[in-house]
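Dear colleague,

I am passing the structure on to you with this email, and it is placed just below. Please look through it alongside the notes that come after.

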Amino acid sequence: MSSVASVHSLWTVAAGAPDRIPAPRIEYAQLSPTLIVLGAAVVGIVIEAFLPRRSRYYAQLLLSVVSLAAAFAAVIGLAAGGFGSSKAHLAAMGAIAVDGPALFLQGTILLVSLIAVFTFAERRLDPAAHGNRVDSFAAQPAAVPGGTAEQAAVKAGFTTTEVFPILLFAVGGMLIFPAANDLLTLFIALEVFSLPLYILCALARRQRLLSQESAVKYFLLGAFSSAFLLFGVALLYGYAGTVTYAGIAEVVSDGAKQIDPALAGTMGNDALLLIGGALLLMGLLFKVGAVPFHMWTPDVYQGAPTPVTGFMAAATKVAAFGALLRLLYVVLPGMRWDWRPVMWGVAIITMLGGAIIAITQTDIKRLLAYSSIAHAGFILAGVIAASRDGISSVLFYLAAYSFVTLGAFAVVTLVRDAGGEATHLSKWAGLGRRSPLVAAVFAVFLLAFAGIPLTSGFAGKFAVFKAAAESGAGWLVVVGVISSAIAAFFYIRVIVLMFFSEPKTDGPTVAVPSALTSTAIAVGVAATLVLGLAPQYFLDLAGQAGVFIR
Amino acid sequence: MENLIALLVAAPLVGAALLLCGGRRLDRAGHWIGSLFAVASFAVAVVLFADMLGKSAEHRALHQHLFSWIPVGGFRADLAFQLDQLSMTFVLLITGVGSLIHIYSIGYMEHDERRRRFFGYLNLFLAAMLLLVLADNYLLLYVGWEGVGLASYLLIGFWQHKPSAATAAKKAFLVNRVGDMGLSIAIMLMFTTFGTFAFGPVLASTGATGEGRLTAIGLLLLLAACGKSAQVPLQSWLGDAMEGPTPVSALIHAATMVTAGVYLITRSGAIFNAAPDAQTAVVAVGAVTLLFGAIVGCAKDDIKKALAGSTMSQIGYMVLAAGLGPIGYAFAIMHLVTHGFFKAGLFLGAGSVMHGMNDEVDMRRYGGLRTHMPITFVTFGLGYLAIIGFPGLSGFFSKDKIIEAAFARGGTEGWVLGGAALLGAAITAFYMTRVMLMTFFGERRWDPEEVHPHESPKVMTIPMIVLAVGSVFAGGLFSINEAFVTWLEPVTSFAHGHSPVSAGAVTAATMVVLLIGVGIAWRMYGRKEVPAVAPRGSLLTRAARRDLLQDDFNHVVLVRGGEHLTRTLVYLDHSLVDGAVNGTAASMGGLSGRLRQLQTGFVRSYAVQMLGGAAVLVAATLLMRGV
């Protein structure tokens, strides 16, 4: 009976829909960082269509750099204008939050992307293109690998300048992701930044089959996880009758006040909330690469062009953790006692799993992939703290980690032999003897990954563990420290390999990069050391940014 | 004004960074750069001093807080400076004498191809030493403490091509580690006791703390002071440290760094005042060392080692005075400053003699040098008169006060300490007269064919003259109306000691023992010809030549014992610790190898795992609620 009645009322409510639709109010100035980046991406597409091939590279590079810098300036402007603290509010009809965490994460993503653009644009490293200056991306991605079309494209010195607008689209999605304040915006942002990433993964110049395989894997698994996420969104809507974060949070804490007649059978049903919440979490845990949703990470990190891997490892993680934080702190704080134990478990197996499997890796990119999984576990420990310190420690960790990652992958692009990048670890033996500077820089990054004091890695890990311990998860910290010890083994092993092994006679050479990659690496080192030596200022900054608008 | 404090440390630090990182292109200007930064630091010190003099005594202390390094809970590691009268005294001494010695080194190190590096290390030393005396908490003091240890190590072993220098540097470093361990444990104890490292709160709350704790902290601080200031039982490194270039001996191992222990004890005065047992240990160490060093100084034929023995002995006086509490702190520091002048002058004089004698250090191969090096002779002579306590010169005022204060300790202890201090004064007069006579008087015992003694260049003699002026006048100047005591009183507090013998009697006794010491030396080395090869000597002489068997003792007890202990530990390490570690590592590796099998490379199996993971996640969430 009741179901018939509800179906009936659904029709009557739909029939009685309001006759006027209010025009949405959009605060363009407050959304300007995202709008600038997406606008520039559209302009980039136009450039691809109309500019001659030889001037596209410079135009795209200039456009990307200028737009990202302008967007960053806009973020700074908004933060200076108090939108991070006193004036924090919901923009675009409540779809997007403009608050401290959002601005902090957007600023981080923009800076990271800006540096990633430098590594994307590097054209000094690959010598095998008949004298043409080429970057890490395929000459003609649509051509069959190894086919005549590809050979012709290589000979002609083609490059894929489309990577710049594609990157900008991804960045645009990432900017919205941590700021999304309803579930639909969250989902759309997810797709907006995921799809360009799938494409970017397929564009490697060398080892194209591996690259394409990684892209297909990433796409399939990404689509699979999106389905889970979407299902979770549907269930939550069924539970709360709304997709806005604030609305769901209200139902979670106070129970449904007004039962939507169309959802009378489902609203307030806790099973829906729990299952929907778990599926939503799963979709986000997939993006951050937490165990057991991490399977894609090593394959994709290895196959994707290294600059893309660096960008993905750094920026995706920032965006996804931002969204995860907002979801847990804004939507689900009322059910903290339900999700925390589950997330404890996820954090533990992520830390241990990443660290343990990394021990037996032989490829530097796969090694860094497992390392990123372990780091996702460390960050989760801070996320679970469910305190203001937890938020700020995660924000700090993300900023610190993303620069280290980007720098480390930039160094990986430099070590090359005849087959392109020499990523097998055995080839890195004795690198410290032949190229002490490059090896020393890489050692700094590895020490930061391992969390050795005076690097940003230590400050970040310390902040995260401190927040976790203060929230009562002491044994989570114990597991974290044990994982760090296991992880230190393989980081230090690479250092030992570089500095204390005899160099191989047919070993790789270190390519001399242009100012672009050098800048990226230098910024990485500088950020690592500054955040390690004097972290307090940035911890304070993250602390001030650590309040979500509800 | 307080913003200038950081500049004191920053100037030499920048200099060190420039010189040590600048590479060969700075080789030609390196010594000028180094000296410039030292002098700049001195100039800032003078400005701050003038400003401080213009204020009333209570408002003279300045603070500068630069930043806190990761404050966590109650733990605060502050980079903050405190400039009060005590620190100011040290800053002036360090930068002043330091600048002079930088300038002197321009001449002394002229022919050394690693001169730039030498000046870099000297600047590094200045920065670390200034950090030590300017820190406003024990943790930062420890940074400076380790920094000067490092600089000392680098400079002792500066001529690392000589195995003896390399060994001496290592020895100094290792012996100092023992003391440093004391300081680090003392700081940890302070944190658990007081909950902070800052001087202010720590020293203010000694009244409310148990005496046992304070005694433990005091003894550990004393251990630290013994290491850095070469006091018995950690004195063995100082003699060997003379392997370093002579300006280093003058600056670090005579005037400044070795006095850091005295600074530490004086700065921690409140702790010692509240822990009488620790104070007794301090005076005992001081009294023993002042005799020990003096006896060693009597037997050495190496001019620098004789002076090193003397340094040990004079610091013994300071430690003794510092152990006497409020009746002694000010005199300890006063003697420290006057000693800084005359001992630095004596070392520079010794360096000047060596410079003119082809780096010969054996005094038995000197003799009659006064006519060949008149300026060195006069400045060295003034330093000599100052150190033996010739009436009117610096050492007279400062040492006399310490002897008086030692008597004022009261009871048997007072008589023993006073007697030891008097005896020390006699021996000081003896060995310094011996050095003077063997070097500048008597027949020449060198071959004029081989060596051509000559006066050093102006860049070396001018610093010597300046220091000689200080040696002559500083003590008198400080004693006018008790100016120095009044100046330090707000920091160290001061009480007049009540000596069982009158001040006049003490002075008279000092004069008598002085004359006895000089007289004996004159009989042995002035009237008789000095043999060019050392005679066998009595048992005591032979023991004193071997530094009173300190190395033999260390070797038998510590080295042998340590070797046995190490062997046992190595065995345990191999069998137990390594076994556990390797076992864990192997099992981790095995686990890793098994887990990576899950990574099949097939997207279908990945998807299944994700599905399984999602199912577990959902199930776990539901389970938590118990729905």
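This is a predicted model: local features need pLDDT of at least 70, side-chain atom pairs count only at pLDDT 80 or more; totals for chains, interfaces and linings use all residues.

Helix packing in chain A

Helix α2(A), residues 32–50, and α3(A) pack with their axes 8 Å apart and at an angle of about 170°, and since angles over 145 degrees count as roughly antiparallel, α2(A) is therefore roughly antiparallel to α3(A). On the side of α2(A) the residues that meet α3(A) include A:S32, A:I36, A:A40, A:V43 and A:I47, while those in α3(A) include A:R56, A:L63, A:A70, A:A74 and A:L78.

Helix α3(A), residues 53–80, also meets helix α6(A), residues 163–176, the two axes coming within 9 Å and crossing at roughly 20°. Because angles under 35 degrees count as roughly parallel, α3(A) is roughly parallel to α6(A), and the crossing of the two helices is left-handed. The contact is made by A:Y57, A:Q60, A:L61, A:S64, A:S67 and A:L68 of α3(A), together with A:F164, A:P165, A:L168 and A:V171 of α6(A). Among the α3(A) residues that touch α6(A) are A:Q60, A:S67 and A:L68, and A:Q60, A:S67 and A:L68 are also among those that meet α2(A).

Two helices, one in each chain

Helix α7(A) covers residues 183–201, and at 1.5 Å a residue its 19 residues should span 27 Å, which agrees with the 27 Å between its end C-alpha atoms. The N-terminal end of α7(A) is capped by A:D182, which has a side-chain oxygen 3.1 Å from the backbone nitrogen of A:L184.

In chain B, helix α3(B) runs over residues 85–108, and its 24 residues should span 34 Å at 1.5 Å a residue; the end C-alpha atoms are 33 Å apart, which agrees. This helix is mostly covered, with 22 of its 24 residues buried.

A buried threonine in chain B

B:T246 is placed in helix α10(B), residues 246–255. Its relative accessibility is 0%, and because buried means under 20%, B:T246 counts as buried. The side chain of B:T246 is joined to that of B:Y108 by a polar contact of 2.9 Å. Leaving aside neighbours within four places in sequence, B:T246 is in contact with B:Y108, B:K304, B:F347, B:G351 and B:M354.

Backbone details in the loops

In chain A the bond from A:V291 to A:P292 is cis, with omega near 5°, and A:P292 is found in the loop between α10 (270–288) and α11 (296–303). In chain B a cis bond joins B:V232 and B:P233, with omega of about 10°, and B:P233 lies in the loop between α8 (211–229) and α9 (237–240).

Two leucines have a positive phi although neither is a glycine: about 75° for A:L454 and about 55° for B:L548. A:L454 is found in the loop between α17 (436–450) and α18 (456–470) of chain A, and is partly exposed, with a relative accessible area of 45%. B:L548 is found in the loop between α22 (539–545) and α23 (550–595) of chain B, and at 24% relative accessibility B:L548 counts as partly exposed.

With best regards

Conventions: Residues are numbered from 1 along each chain as its sequence is written. Chains are lettered from A and ligands numbered from 1 in the order in which they are written. Side-chain values use heavy atoms; hydrogens and water are left out. Helices (H or I, at least four residues) and strands (E, at least two) are DSSP runs, numbered from the N terminus. The expected span of a helix is 1.5 Å times one less than its number of residues. A polar contact is a pair of N or O atoms within 3.5 Å; within protein, one must be able to donate a hydrogen and the other to accept it, and residues adjacent in sequence count only if both atoms are side-chain atoms. Axes are lines fitted to C-alpha atoms, for helices over the stretch in contact, and angles run from 0 to 180 degrees between N-to-C directions. Angles under 35 degrees count as roughly parallel, over 145 as roughly antiparallel, 65 to 115 as roughly perpendicular and the rest as oblique. A crossing is left-handed if the near helix is turned anticlockwise from the far one by less than a right angle, and right-handed if clockwise. Contact means heavy atoms within 4.5 Å. Buried means under 20% relative accessible area, exposed over 50%, partly exposed in between (1.4 Å probe, protein chains only).
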